[in-house]
Amino acid sequence: MFSAKGVLGLRRRFTNHLFTAAAAMASLLVLAPLFAIFGYLLYKGLGSVNWAFLTHTPKPIGETGGGMANAIVGSGLILAIASAIGIPLGIGAGIYLSEYGKSRYAQVVRFTADVLNGVPSIVMGIAVYALVVIPQGHFSAFSGGVALGIMMIPTIARTTEEMLAMVPNVIREAALGLGIPQWRTTLSITLRTATSGVITGVMLAFARIAGETAPLLFTAFGNQYWSLKPNQPTAALPLQIYVYAISPFDEWHRQAWAGALVLIAIIVGAVSIVRVIAARHRVSHSA
Amino acid sequence: MGVGIEVRDLNAWFGKAQVLQDIQMNVEPNHVTAVIGPSGCGKSTFVRCLNRMHETIAGARVQGKVQVGDIDVYGSGTAAVDVRRRIGMVFQKPNPFPTMSIYDNVAAGLKLNGYRNRKGLDVIVERSLRMAALWGEVKDVVKKKSGASLSGGQQQRLCIARALAVEPEVLLMDEPASALDPISTGKIEELIFQLKEQYTVVIVTHNMQQAARVADYTGFFLMGKLIEFDKTQKIFTTPSDKRTEDYITGRFG
């Protein structure tokens, strides 16, 4: 009796350790590519990231030095336009789907969002080229922002919907029971309760589009010089990296690595800042 | 001050299923009225019809007349939000707003309805928490701790404070103690006893001892009908309907 129990206990402990180890291995495997990419970028790019790289525009072919300042600022401009379009529309659509979306129309919206999510980014670029660039007659930061903004919508809409659906119904009832109108309840109670999840969705969408190159090829187009006007062709980091990486010059290759490093740093920085701000606004949950 | 409630020919449905049939009831102001009955008898639906919460569920429908003080609850010119502001509700499961501090939970009903006076809010929050017998336990952490960090019993008293902060005339309680331990339940019952000095209280309960302890009047519901409504003492000692007697003596339900 006693020994049988001992053997069982041993087996149970062994299995327990086995699965803990397997789970730890799996998480290591997930992290490994991330660290590999970071490490390689640092190794290849860090040497070329200096003050001139961050503050100067590209030099003509053959001259050394110069930087990607115009592309960094241009990316910032395009991403700001994309966020201004994609975040409110995405969150709005998510609210509709979760709080009001029992109808057939909502089913269609949901399906369309999923399809939109699967549209290749180059197709998005061509579509915006036809819809915005041709009617306007020129490439622009605005058209690039539109292309990236549309790409943000489905991710944000579906995560917002799912996060709102996770808010227990009793919370909505509590608010309605206080005589708070439906729209106020949705914005100030339901959405607020789901804030951290919604922010995660927004950040996922932002990080994804920040590195997109294809939708910008025929929209923002790129620019070797300064341009801060949203209606002008504008440089963007991914475009600049692409152009430099396929060039035959070693100097440009080094700058492409540096650009990639800066791009990753900007994405990680933006995501971290938003997380810190969101965490600061939270009240203590511990008893 | 509390006001009376007059219910006439109240019918309610979920889709095609009728859950309340021809309910007539007069609720006395500044008294506690208990609504008892077996599960699924319509007692929760009944109180949710009093402040127009029933209609927030998809497919739910109401017919009939409910008069609360001077409010014709289902009158054509009456807005649901105005009704709910004047008829507070406490739910079965404590449901504080999880991302808000204790203070913001109590202030929510006023703030989100456009009340902007900060000093006034401080006064109302403290008074409401005192009335809900929670102030002493939380006064040092009202702005620091989330409502969700409190114990279950404290959360329910927080929800009562939140309902009282908007200064309703009637307080509806839908099994407010059924998720709580006996000590917390005792505290809530004591509270209900004090609340009737200022409010009219209608409480749904599946606990007959609780009804006997706190209520002045008791209504017994069965399969969507109000079988008997009388003074609590009468219902529990000499009920006039056989079905009421069977239920309170534990023969079914």
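Tutor: Happy to! Chain A has 12 helices and zero strands. Its pattern along the sequence is accordingly α-α-α-α-α-α-α-α-α-α-α-α. This is a predicted model, and everything below should be read that way. The radius of gyration of chain A is 24 Å, well over the 19 Å from the globule rule for 287 residues, so chain A is more spread out than a compact globule. The C-alpha trace of chain A spans about 85 × 60 × 35 Å along its principal axes. Of the 287 residues in chain A, 38% are buried. Contacts in chain A between residues at least 6 apart in sequence join residues at least 24 apart in 75% of cases.

Chain B, where our strand sits, is built from 10 helices and 10 strands. Its radius of gyration is 18 Å, close to the 18 Å that the globule rule gives for 253 residues, so chain B is as compact as a globular protein of that length. Along the principal axes, the C-alpha trace of chain B covers about 55 × 45 × 30 Å. Buried residues account for 49% of the 253 residues in chain B. For contacts in chain B between residues at least 6 apart in sequence, the share joining residues at least 24 apart is 69%.

The two chains meet in a contact that takes 23 residues from chain A and 28 residues from chain B. On the side of chain A that touches chain B, helix H7 (169-177) and helix H8 (182-193) of chain A each supply at least two residues. H7(A) gives the most to that side, with six residues. By type, the residues on the side of chain A that touches chain B are 10 nonpolar, eight polar and five charged.

Now to the sheet that holds our strand. Six strands of chain B form an open sheet with mixed pairing, in the order E6-E7-E8-E3-E9-E10. Strand E6 (87-90) and strand E10 (225-231) of chain B are the edge strands, and each pairs on one side only. On average, neighbouring strands of this sheet are turned by 15° against each other, direction ignored. Helix H1 (residues 43-50) of chain B packs on the sheet and touches strand E3 (32-36), E6, strand E7 (170-174), strand E8 (200-204) and E9 of chain B. The direction of H1(B) makes about 150° with that of E8(B).

Two of the facing pairs can be picked out: Gly219(B) stands opposite Phe229(B) in E10(B), and Thr218(B) stands opposite Asp230(B) in E10(B). The hairpin of E9(B) and E10(B) has two residues between the strands, and Met223(B) takes a positive phi near 45° there.

E9(B) also pairs with E3(B): four bridges join them, and these two strands run parallel. Here Thr33(B) stands opposite Tyr217(B) in E9(B).

What about the side chains? In a regular strand they alternate between the two faces of the sheet. In E9(B), Tyr217(B), Gly219(B) and Phe221(B) point one way, while Thr218(B), Phe220(B) and Leu222(B) point the other way. Both sets are buried, and E9(B) is mostly covered, with six of its six residues buried.

The largest nonpolar core has 144 residues, and Leu50(B) and Ile203(B) have the most contacts inside it. Helix H6 (residues 141-165) of chain A gives the most to this core, with 13 residues. Leaving aside residues up to four places away in sequence, Ile203(B) touches Val32(B), Ala34(B), Met173(B), Pro176(B), Ile192(B), Val214(B) and Ala215(B).

An open sheet of four strands in chain B has the order E2-E1-E4-E5, with antiparallel pairing. Strand E2 (17-27) and strand E5 (71-72) of chain B are at its edges with a single partner strand each, so one side of each has no neighbour in the sheet. H1(B) lies across strand E1 (5-14), E2 and E4 of chain B, running at about 65° to E2(B).

Conventions
Residues are numbered from 1 along each chain as its sequence is written. Chains are lettered from A and ligands numbered from 1 in the order in which they are written. This is a predicted model: local features need pLDDT of at least 70, side-chain atom pairs count only at pLDDT 80 or more; totals for chains, interfaces and linings use all residues. Two residues are in contact if their C-beta atoms, placed from the backbone, lie within 7 Å. Ala, Val, Leu, Ile, Met, Phe, Trp, Tyr, Cys and Pro count as nonpolar, Asp, Glu, Lys and Arg as charged, and the others, Gly among them, as polar. Two strands pair if DSSP finds at least two bridges between them. Axes are lines fitted to C-alpha atoms, for helices over the stretch in contact, and angles run from 0 to 180 degrees between N-to-C directions. The radius of gyration is taken over C-alpha atoms; the globule rule is 2.2 Å times the number of residues to the power 0.38. A residue is buried if 20 or more other C-beta atoms lie within 10 Å of its own, exposed if 12 or fewer, and partly exposed in between; C-beta atoms are placed from the backbone. A nonpolar core is a set of buried Ala, Val, Leu, Ile, Met, Phe, Trp, Tyr and Cys residues joined through C-beta atoms within 7 Å.
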